[in-house]
Amino acid sequence: MKAFFIKKPRLLTYGEVAKPEVKKGEVLLRVRACALNHLDLHLLKGRFKVPLPHILGSDVSGVIERIDGRTNLKVGQAVVVNPAIPCGQCPRCKKNLSCEIVNIFGYKTNGGYAEYITVPIAQVYPKPNNLSFVEAAAFPLTFLTAYHMLVGRANLQKNETVFIWGASGGLGSVAIQVAKDIGAKIITAISEDDDAKKIKKLGAIKIINYKKENVEQSVKKLTNGEKVDVVFESVGAKTWKISLAILRPHGRIVIAGVTSGAIASQDLSDIYYYQQTILGSRMGTKQEFEQVLRLVAEEKLKPVIDKIFPLKKADKALKRLAESKQFGKIVLEC
Ligand SMILES: NC(=O)c1ccc[n+]([C@@H]2O[C@H](COP(=O)([O-])OP(=O)(O)OC[C@H]3O[C@@H](n4cnc5c(N)ncnc54)[C@H](OP(=O)(O)O)[C@@H]3O)[C@@H](O)[C@H]2O)c1
Ligand SMILES: [Zn+2]
């Protein structure tokens with residue numbers, strides 16, 4: 001079969017590889033679409049060590065070609081993959097709680113930049129009929145993460161105010177929709193004025209251009225000096241100081257990424273004085289994935305597609321992600 005794979009760090013190769021063998025408890029999928037994530041770039045750069053050659057790709061939709069195990073799924077059925085795989089062995093998994101570690105499909109396993117993949121049966125769900133294969137590949141990882149951040153971790157409530165960094169990005173564009181569904185008041189940040197119209201369609205109410213405005217002052221003005229209850233963070237080093245400055249007493253910051261760098265400093269006294277909470281967040285639970293799938297099928301959450309590339313142009317697609325040129329998800333058709 002054809003696949004795009006990392007041959008050695010920083011070297012992505014398109015070529016022929018062996019079609020995977022389906023094992024007990026797995027399905028074989030003919031991949032139809034696979035969306036890109038920053039994880040793919042981290043793996044390509046060799047930031048996380050995995051055995052090479054490695055096929056990238058965590059967000060997959062496709063058609064079942066073979067099944068080895070018990071399931072209600074059928075050969076020929078259109079499906080989508082839940083990329084968050086519980087380890088099954090940590091103390092929390094043993095107590096039937098959400099996994100401590102969560103393996104990501106396409107990280108330590110081969111992923112979807114390929115014509116075929118094998119996936120554990122428990123990770124496979126029928127594709128909602130209202131979504132194309134491209135749309136179905138565009139939602140799992142970022143929707144699950146954004147939902148877990150705002151609902152599972154920050155417990156965002158109706159009428160609370162949330163500030164969302166990275167409105168044009170994979171996580172931010174979903175966070176806006178999740179926050180809207182909850183009934184929260186939303187303030188978000190962009191760098192290009194052209195993005196404002198697209199973001200208004202997603203439900204953002206107040207938009208700040210962080211390159212032109214002083215975000216701290218603008219947030220204070222927009223909230224009559226009250227600041228925000230929740231900050232949605234995935235930018236990291238470059239925004240952390242502002243995130244703390246715009247957070248109200250008893251507020252929560254939820255962080256799932258460090259796109260601009262991982263090292264930031266902060267005044268610890270503010271954290272205890274104002275009784276603020278910093279929440280780490282990674283992927284999400286099986287129940288949250290199933291809830292996100294329902295919300296997508298009901299069209300309460302909608303995948304945002306930036307651009308579609310054929311599988312053999314995966315290198316060009318990754319370049320677009322690395323240059324932060326996208327609005328929403330970049331997707332490969334396989
Ligand atoms: N923990 C998890 O489970 C998990 C899951 C998914 C992703 N992540 C991580 O979360 C991060 C974001 O993922 P994504 O898919 O949303 O990425 P993305 O689509 O590339 O979006 C990144 C966003 O960050 C904004 N941004 C970049 N630099 C900025 C700065 N200096 N100030 C303000 N905004 C800035 C960009 O906005 P502009 O273009 O307007 O600057 C863009 O909207 C990545 O680091 C990823 O690895 C973690
Ligand atoms: Zn576990």
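**Helix packing, ligand shell and domains**

Modeller: Start with one helix pair: Phe143, Leu144, Tyr147, His148 and Gly152 in α4 meet Glu288, Phe289, Gln291, Val292 and Val296 in α10. Contact means that C-beta atoms, placed from the backbone, lie within 7 Å. Helices are DSSP runs of H or I with at least four residues, strands are runs of E with at least two, and both are numbered from the N terminus. By class, the α4 contact with α10 has six nonpolar, three polar and one charged residues. Ala, Val, Leu, Ile, Met, Phe, Trp, Tyr, Cys and Pro count as nonpolar, Asp, Glu, Lys and Arg as charged, and the others, Gly among them, as polar.

This is a predicted model: local features need pLDDT of at least 70, side-chain atom pairs count only at pLDDT 80 or more, and totals for chains, interfaces and linings use all residues. Residues are numbered from 1 along each chain as its sequence is written, while chains are lettered from A and ligands numbered from 1 in the order in which they are written.

Biologist: At roughly what angle do the axes of α4 and α10 cross?

Modeller: Axes are lines fitted to C-alpha atoms, for helices over the stretch in contact, and angles run from 0 to 180 degrees between N-to-C directions. The axes of α4 (residues 140-153) and α10 (residues 286-297) come within 10 Å. Angles of 65 to 115 degrees count as roughly perpendicular, and α4 and α10 are therefore roughly perpendicular to each other. The crossing angle is roughly 110 degrees.

Biologist: How many residues surround ligand 1?

Modeller: A residue is near the ligand if its C-beta atom, placed from the backbone, lies within 6 Å of it. The closest are His38, Gly166, Gly169, Gly170 and Gly257. The shell divides into 10 nonpolar, 17 polar and two charged residues. The number surrounding ligand 1 is 29.

Biologist: Which domains each give at least three residues to the shell around ligand 1?

Modeller: Domain bounds come from an automatic or database domain assignment. The C-alpha centres of domain 1 and domain 2 lie 28 Å apart. Six residues of domain 1 are in contact with seven of domain 2. The shell draws on domain 1 (2-139 + 303-333) and domain 2 (143-280).

Biologist: Which peptide bond is cis?

Modeller: Most peptide bonds are trans. Pro53 is found in the loop between α1 (38-44) and β4 (54-55). With omega near 0 degrees, the cis bond runs from Leu52 to Pro53.

How values were computed. Parallel < 35°, antiparallel > 145°, perpendicular 65-115°, else oblique. Contact = placed C-beta atoms within 7 Å.
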